[in-house]
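New notebook page. I want to get my bearings here and jot down what I look up as I go.

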Amino acid sequence: MKMVGRIFLLFLSIVVTVVIAGKAPPPTFTETGKALAEKLCEKSEDKAFCVASLTSRHESETATAPKLGVIALSVASTNASDTSFYIKSKLKQRNLEPALEDTLDDCSKNYLDAVAQLDDSLAALLANAFIDVDIWLNTAISNGEACEDALSERAGNDAELARRNTNFLKLCKDALLINTILTP
């Protein structure tokens, strides 16, 4: 029985070694700042938008890849907070069409959740919990998509909110792309 146990442990250690050795480490980048942002945004749905958002903060000028990941989440979170504030201000207006009010109510709830999820994403990224970042970002994207559905399916539409929501989705998808690149 001892021999079987030793063989099993040997087999298990070989499997673990192969799995660990087979997993490629995250890429290393020699670039910083805008050059790095351009490289990270190569696979973005809207490369120019991605680069512009990543370089919109002063600290991006010398940022490394992990710092650009933080910037991406921070920009997305700021956008979500600003959009949430925009929705709240619209809801305070009198004589809103009932369909628009319903759409705004739904989007308001979605954006409140998205702000919390992006805050959780940022905390997870700072703890190098890349899988958690992925989960929280995908949930925030789902909230943005739910708002998008409400905007497109109902009579109550708001062009400014639709524009803001489109930008929010781009920011989240770009942050998710960067997180995927950073994930070891």
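How many nonpolar, polar and charged residues are in the lining of the largest cavity? I counted by class and got 6 nonpolar, 2 polar and no charged residues.

Before going on, a reminder to myself: this is a predicted model.

Entry on the cavity. I searched the whole structure and 1 cavity of 30 Å³ or more turned up. The space in the largest cavity comes to about 40 Å³. I noted the lining residues: Gly 69, Ala 72, Leu 73, Leu 125, Ala 175, Ile 178, Asn 179 and Leu 182. Helix 4 (65-91) and helix 7 (159-182) each put at least two residues into that lining. Helix 7 gives the most, with 4 residues.

Entry on confidence. I checked pLDDT next, and the chain averages 89, with 86% of the residues scoring at least 70. Where is confidence lowest, and where is it highest? Helix 1 (residues 2-22) has the lowest mean, 51, while helix 3 (residues 47-54) has the highest, 98. Then I looked at residues 15-22, where pLDDT stays under 50. For that stretch I found 0 contacts beyond four places in sequence in the model.

Entry on Ala 155. I located Ala 155 in the loop between helix 6 (130-153) and helix 7. Is Ala 155 buried or exposed? Its relative accessibility is 72%, so I put it down as exposed, since the cut-off for exposed is over 50%. I also checked Ala 155 against Pro 98, which is 57 residues away along the chain. Their C-alpha atoms are separated by 9.3 Å.

Key. Residues numbered from 1 in each chain as written. Predicted model: local features only at pLDDT ≥ 70, side-chain atom pairs only at ≥ 80, totals over all residues. Heavy atoms only, no water. pLDDT = per-residue confidence, 0-100. Contact = heavy atoms within 4.5 Å. 1 Å grid on protein atoms, 1.4 Å probe; cavity = no way out; pocket = protein on both sides within 12 Å on 5 of 7 lines; lining within 4 Å. Points joined across faces, edges and corners; volume = space filled by probe spheres on them. Nonpolar A, V, L, I, M, F, W, Y, C, P; charged D, E, K, R; others polar. Buried < 20%, exposed > 50% of the residue type's maximum accessible area, 1.4 Å probe, protein only.
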